[in-house]
Amino acid sequence: MAKAFDSIGMTPLTKALERIKCPTDLINFIINLFKNRKLQVITAYGLSKGFYAGDGIDQGETISPLIWRIFYDPLLTRIKDIPEVGYRLITQWPSSEGTDINKTQHELKTSVVAYAVTPSHV
């Protein structure tokens with residue numbers, strides 16, 4: 001993942017949308033919405049010179065949570081299903097009597113830790 005989901009490229013996104021059988025018109029609409037975008041930044045001195053945003057849907061976009069589910073969820077699920085991948089945490093927990101003899105072993109396995117951040121507006 002590029003810096004914890006900084007952006008998703010148009011080609012992989014197209015393939016992900018085709019995989020879940022989205023209509024071609026919807027795929028084209030989403031791709032064309034974010035393709036060849038020219039941006040400007042508002043500064044104290046007025047608008048900056050325009051620049052092109054590049055190939056991808058950025059993390060802060062309104063559509064990002066939906067794209068996360070379509071694009072990354074299947075990838076993370078696939079990684080989770082590989083037994084030798086991930087982290088295992090094992091601990092010995094004392095029983096309610098508080099003796100060292102009666103300990104219960106607890107195990108937690110996680111394959112992946114990922115998150116999407118939604119920007120907060122003040």
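The secondary structure of the protein comprises three helices and eight strands. The model is predicted. Read along the sequence, the elements follow the order β-α-α-β-β-β-β-β-α-β-β. The protein has 122 residues, and buried residues make up 20% of them. Among contacts with a separation of 6 or more, residues 24 or more positions apart account for 50%.

Helix α1 spans residues 10-19, and helix α2 spans residues 24-34. Their axes come within 10 Å. The crossing angle is roughly 160 degrees. Angles over 145 degrees count as roughly antiparallel, and α1 and α2 are therefore roughly antiparallel to each other. The crossing of α1 past α2 is right-handed. On the α1 side, the contact is made by Met10, Leu13, Thr14, Leu17 and Glu18. On the α2 side, Ile27, Ile30, Ile31 and Phe34 take part. By class, this contact of α1 with α2 holds seven nonpolar residues, one polar and one charged.

The loop between α1 and α2 contains Lys21. Phi of Lys21 is near 65 degrees. This is a positive value in a residue other than glycine. The relative accessibility of Lys21 is 70%. Exposed means over 50%, so Lys21 counts as exposed.

The axes of α1 and α3 come within 10 Å and cross at roughly 90 degrees. Angles of 65 to 115 degrees count as roughly perpendicular, which makes α1 roughly perpendicular to α3. From α1, the contact draws on Pro12, Leu13, Ala16, Leu17 and Arg19. From α3, it draws on Ile67, Ile70, Phe71 and Pro74. By class, the contact of α1 with α3 has eight nonpolar residues, no polar residues and one charged residue. Leu13 and Leu17 of α1 are listed in the contact with α2 and also in the contact with α3.

Two further positions in α3 were examined. Ser64 and Ile8 are 56 residues apart along the chain. Their C-alpha atoms are separated by 9.2 Å.

Ile79 is likewise found in helix α3. The relative accessible area of Ile79 is 24%. This value lies between the limits of 20% and 50%, so Ile79 is partly exposed. Residues up to four places away in sequence aside, Ile79 touches Val85, Ser111 and Val112. Ile79 and Val112 are 33 residues apart along the chain. The separation of their C-alpha atoms is 7.4 Å.

Asn102 belongs to the loop between β7 and β8. Strand β7 covers residues 87-94, and strand β8 covers residues 103-110. With a relative accessibility of 38%, Asn102 counts as partly exposed. Asn102 and Gln92 stand 10 residues apart along the chain. The distance between their C-alpha atoms is 9.6 Å.

Conventions:
Residues are numbered from 1 along each chain as its sequence is written. This is a predicted model: local features need pLDDT of at least 70, side-chain atom pairs count only at pLDDT 80 or more; totals for chains, interfaces and linings use all residues. Side-chain values use heavy atoms; hydrogens and water are left out. Axes are lines fitted to C-alpha atoms, for helices over the stretch in contact, and angles run from 0 to 180 degrees between N-to-C directions. Helices (H or I, at least four residues) and strands (E, at least two) are DSSP runs, numbered from the N terminus. Angles under 35 degrees count as roughly parallel, over 145 as roughly antiparallel, 65 to 115 as roughly perpendicular and the rest as oblique. A crossing is left-handed if the near helix is turned anticlockwise from the far one by less than a right angle, and right-handed if clockwise. Contact means heavy atoms within 4.5 Å. Ala, Val, Leu, Ile, Met, Phe, Trp, Tyr, Cys and Pro count as nonpolar, Asp, Glu, Lys and Arg as charged, and the others, Gly among them, as polar. Buried means under 20% relative accessible area, exposed over 50%, partly exposed in between (1.4 Å probe, protein chains only).
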